[in-house]
Number of protein chains: 2
Amino acid sequence: MPSTPRKILIIGGVAAGMKAASRLRRLDPEAKITVIERGVHLSYGACALPYVLSEEIEELDEVRKTANGTVRDETFFSMVKDVEVLTCCEALRIDRKNQQLEVQFLGGNQQQQLPYDALVLATGSSPLIPPFPGRDLAGVRALKDIEDAENIANHVASGAQAVIVGGGLIGLEMAEALKSRGMNVTLLEMQDQVLSGILDSDMAEHIHRELRNKGVNLRLQEPLQAICGKDGHVQQVTTEKASYPADLVIMALGVQPNIELAKEAGLDIGLSGAIAVNEQLQTSDPLIWAAGDCVESHHLLNKQPMHLPLGSTANKHGRIVADAICGRPTSFPGILGTLLVKVFGLNVGRTGLSAAQAQASGFDPVSILAPSPDRVHSMPEARPILTRLTIDRSSRKLLGAQIVGSGEVAKRIDVVATALSFGADIDQLAQVDLGYAPPFSAAMDPLHQAANALRNKLDGLAKSLSPLQLKKRLNTGEELLLLDVRSPEEYAEVRIPGTTLLPLGQLRAKVSELPKDKLIVPLCKISLRGYEAIRILKAAGFEKVAYLEGGVLGWPYELERN
Amino acid sequence: MPSTPRKILIIGGVAAGMKAASRLRRLDPEAKITVIERGVHLSYGACALPYVLSEEIEELDEVRKTANGTVRDETFFSMVKDVEVLTCCEALRIDRKNQQLEVQFLGGNQQQQLPYDALVLATGSSPLIPPFPGRDLAGVRALKDIEDAENIANHVASGAQAVIVGGGLIGLEMAEALKSRGMNVTLLEMQDQVLSGILDSDMAEHIHRELRNKGVNLRLQEPLQAICGKDGHVQQVTTEKASYPADLVIMALGVQPNIELAKEAGLDIGLSGAIAVNEQLQTSDPLIWAAGDCVESHHLLNKQPMHLPLGSTANKHGRIVADAICGRPTSFPGILGTLLVKVFGLNVGRTGLSAAQAQASGFDPVSILAPSPDRVHSMPEARPILTRLTIDRSSRKLLGAQIVGSGEVAKRIDVVATALSFGADIDQLAQVDLGYAPPFSAAMDPLHQAANALRNKLDGLAKSLSPLQLKKRLNTGEELLLLDVRSPEEYAEVRIPGTTLLPLGQLRAKVSELPKDKLIVPLCKISLRGYEAIRILKAAGFEKVAYLEGGVLGWPYELERN
């Protein structure tokens, strides 16, 4: 401990900044810890704001409270944590040579120089809003902080028109929130899928179906062109294809790290555009650390730099920065890009790399899509989930997972994230002693089912096609025999167009009637009987066989129903 | 592939046996595969039977069906899997020398000799029913198979008396099931806690509270003495302390492996009393494999042999045995003792070793108890869970977890099980990039909260006492200052007897009034403010301080309410 208490300045008082301040106080009772926050609100849970707007969370203040109901304001941090917080105070310039930070209170005109022994940049990120015409109209807003939520709430009205620009995490959460408030919701996405870069296209198709089923007007490949208004208020949004009436426009095009201070001070900026740090979250100046949404992360699997701001990472950063400043051994290993999002009745998650990302990183990816009930299928609460696992062919190491379904998704994502953290291979994943009881899981967990299906594929026991692969082959006009091996009753209810019914129980008897010159693609509800059919056909000497991964349940495209 | 199809016999047609048969067929289209099953039902989900009896699952047949509604009977296995199943057929004797199995159909008197090239013992386990007087009365039954469930169902009647003997997994599930059917339920447990050997006593206390709150007459330390009846039907159950009227008695004292055939054939039996196998599940006879509930497992962490029959293990075994018989590389690494159970409104799970088990295995265990909401606390669905993590002091390696609460437990248990499988230490667990979104989790997952609390304890930042440790010290008459640092409103609502109120916000100001000569134990609702108080007291020169792990929420003993 230094003889005079050290002075620690933290710029930014939301997640990483306040976490760092609290931990610093616990580690160093003597230090003078000051947080500079431009806004008025501290330490709030920004990720919960869509749920405030949906009114699931009844009071906006809830996102600023501790679990026991205390509002985390300046008084709280002063009384409980002995941390000084300057709100409405802007950090203007870092004077690295003299170890000083120039600040100014908003609305004031006096600059102050605050000296520091250690400086933490927790400057966060800001919504990315390209300079569209009309972006400054009332009723046009991104959702980033409490003021945004308050502003948006004033424009929410049942029966009114909302346009959401961008089908990322916040766009999807807001689609659900505004729909639940009775608004008519149009979602504009410039790509041909939502969650682009997060989910494979055939996984995203399930979200498209859910959005449409829930009444969202989903417009893919329709980038925003302009926003028009009258008397300063938004009225209409136009694209190349159409125009949409709008009382409220949510700009959800992603965020960018707030790096201006760091850049001006000459600190290194990473390839991702965020502040570059070492494993101790130290910037290129050894007296300056950075934490949270403004920081560049590295992916644990391909070591690529990336900017993926998340509250979970920010909280980890806060602790690490405090430990590092206090000279305690610590390091941040990197991220896996783990993401969860609820979209109406669908739970969606991913972690690690997609097959395309893995390929681009030099891996040789093999994937499987496997649907399962999320618990013992006879339990009335059982719901399906679709699991896509990706591994590296030669090392058999797990590379990632994407899971979508109305059943329990988050658990399986977290298990895969944990396995990925320890370099698990697919054979190890298949053996983990996961918990089993009918209300929670099945004797074979969906992850074990998927892992075994992938092992079968890898070991040459069963060729298979993903929905997207099959769709592409059908689109080329290739003649395939799509053999639905379910029961006549199941087939009558819902089926993939162009399929032929041959129930599995009759397959062994009728196998000689099948053609050997074209690819036979057996399929069933989930894929187990499809796989079974492959083994029967192979045993009968058929070489050109590949089952449809995911079956009817995993088929995200057109279905026929009676 | 041999020139003549090999003959594979499997004894037992429930989980491991049928799974092995199905996989064997897929791997070897030529083999003659025969399953010998003593009962009439195949491949059913025995773990779901309590949920049939609660009528959550509407039809008993559901537990015999595939996910798409086909009953898995002899015809199904013959038509779909080309596997011959002999039901009502008992395996009498293994003739290892001549590679023959002697079988006899029930009710028949002719023995048959079935030759085998490979034999699989999937003989399962049987309920342990000591020779109590009255155990054969009508209305006295263990729950193991479909016949048991049918029998028990006939004795279920609203308003009637049920006595459950044994507070293990099935005893607890049946307490809930029978209570939900309107029965008066008495649960007799000979130990001083339910789930003995599974949960620590202060974790089990939460289950005791839940059972009593839900109207179960829980009788601890009351072993069954006798069962009395009239006209062949049970009427009453007696213990040393009392007697209880009974129309239905569920014997839930655990199970024992069915090893008679193996033992008679001279195969090695393990220390746990189950059939000893190598990592390929091969018995001491290289032509005989064993799988499922009859097999001895080894704990991954302490390598101890144990008998813990579970459907999840049985399914893994089935695949491994099939692979091993077909000469494919495979092995079963061992188990972690992962268990989940739902007890009314509480979700309960454990994996790995408890502190006591770890100590007995030569580790130097350190534990923490940390309560957290299971997701962002402002979400209306948020519910608390209590997490106990145990690690080894010097290596910092994770040893186990126990989690209890009305919130989401299974996910965290599975994450810990996965981390344990890969030898994770506590610092690695704290860094895993788990999924975060308000409907599913918090920015700091409960596991991260617990891991960080444990790291603080390990690193000397905060001493703490578990509820049991504090209770024991109070019981010795030691004078402690139990300092409740919550708000007056929280304190008024519910508190631990003998505590003094001093809200955290006033602690810094009033710290000089506190005594330095006795141990001060700060506590709050969950432990975060208690930990905060420790840091304030330490900074003020107090040496004798230790916060109460788990706070009021984690306190399983008496509480005072206004």
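Is A:Cys88 buried, exposed or partly exposed, and how many other C-beta atoms lie within 10 Å? A:Cys88 is partly exposed, because 14 other C-beta atoms lie within 10 Å. A residue counts as buried with 20 or more other C-beta atoms within 10 Å of its own, as exposed with 12 or fewer, and as partly exposed in between, with C-beta atoms placed from the backbone. The model is predicted: local features need pLDDT of at least 70, side-chain atom pairs count only at pLDDT 80 or more, and totals for chains, interfaces and linings use all residues. Residues are numbered from 1 along each chain as its sequence is written, while chains are lettered from A and ligands numbered from 1 in the order in which they are written.

A:Cys88 sits in the loop between E3 and strand E4 (89-95) of chain A. Helices (H or I, at least four residues) and strands (E, at least two) are DSSP runs, numbered from the N terminus. The phi of A:Cys88 is positive, near 50°, and the residue is not glycine. B:Lys303 is not a glycine, yet has a positive phi of about 60°. B:Lys303 belongs to the loop between strand E19 (297-298) and strand E20 (305-306) of chain B. B:Lys303 counts as exposed because it has 9 C-beta neighbours inside 10 Å.

In chain A, five strands form an open sheet with parallel pairing, in the order E3-E2-E1-E7-E18. Two strands pair if DSSP finds at least two bridges between them. Strand E3 (84-86) and strand E18 (288-290) of chain A are the edge strands, each pairing on one side only. On average, neighbouring strands of this sheet are turned by 20° against each other, direction ignored. Strand E1 (residues 7-11) and strand E7 (residues 118-121) of chain A run parallel and are joined by four bridges. Within E7(A), A:Leu121 stands opposite A:Ile11. Helix H1 (residues 16-27) of chain A lies across E1, strand E2 (32-36) and E7 of chain A. H1 of chain A runs at about 170° to E2(A). Axes are lines fitted to C-alpha atoms, for helices over the stretch in contact, and angles run from 0 to 180 degrees between N-to-C directions.

The loop between helix H7 (260-264) and E18 of chain A holds A:Gln282. A:Gln282 counts as partly exposed because it has 18 C-beta neighbours inside 10 Å. Leaving aside residues up to four places away in sequence, A:Gln282 touches A:Val277, A:Trp289 and A:Ala324. Contact here means C-beta atoms, placed from the backbone, within 7 Å. A:Gln282 and A:Leu336 are 54 residues apart in sequence and 21 Å apart in space, C-alpha to C-alpha.

Further parallel pairing involves strand E27 (residues 481-484) of chain A. Four bridges join E27(A) to strand E30 (residues 520-523) of chain A. Here A:Leu482 has A:Val521 as its bridge partner. Three bridges join E27(A) to strand E29 (residues 499-501) of chain A, and these two strands also run parallel. In E29(A), A:Thr499 stands opposite A:Leu482.

In chain B, the axes of helix H1 (residues 16-27) and helix H8 (residues 311-325) come within 7 Å and cross at roughly 35°. The contact includes B:Ala16, B:Leu24 and B:Leu27 of H1(B), and B:Ala314, B:Val321 and B:Ile325 of H8(B). By class, it has eight nonpolar, three polar and three charged residues. Ala, Val, Leu, Ile, Met, Phe, Trp, Tyr, Cys and Pro count as nonpolar, Asp, Glu, Lys and Arg as charged, and the others, Gly among them, as polar.

Helix H16 (residues 528-539) of chain B is mostly covered, with 10 of its 12 residues buried. Among the buried residues are B:Leu528, B:Tyr531, B:Glu532 and B:Ile536. At 1.5 Å a residue, the 12 residues of H16(B) should span 16 Å, which agrees with the 17 Å between its end C-alpha atoms. The expected span is 1.5 Å times one less than the number of residues. Just after H16(B), B:Gly541 takes a positive phi of about 95°.

The contact between the chains takes 76 residues from chain A and 76 residues from chain B. H10(A) gives the largest share of the side of chain A that touches chain B, nine residues. That side has 41 nonpolar, 18 polar and 17 charged residues.

Notes. Two residues are in contact if their C-beta atoms, placed from the backbone, lie within 7 Å.
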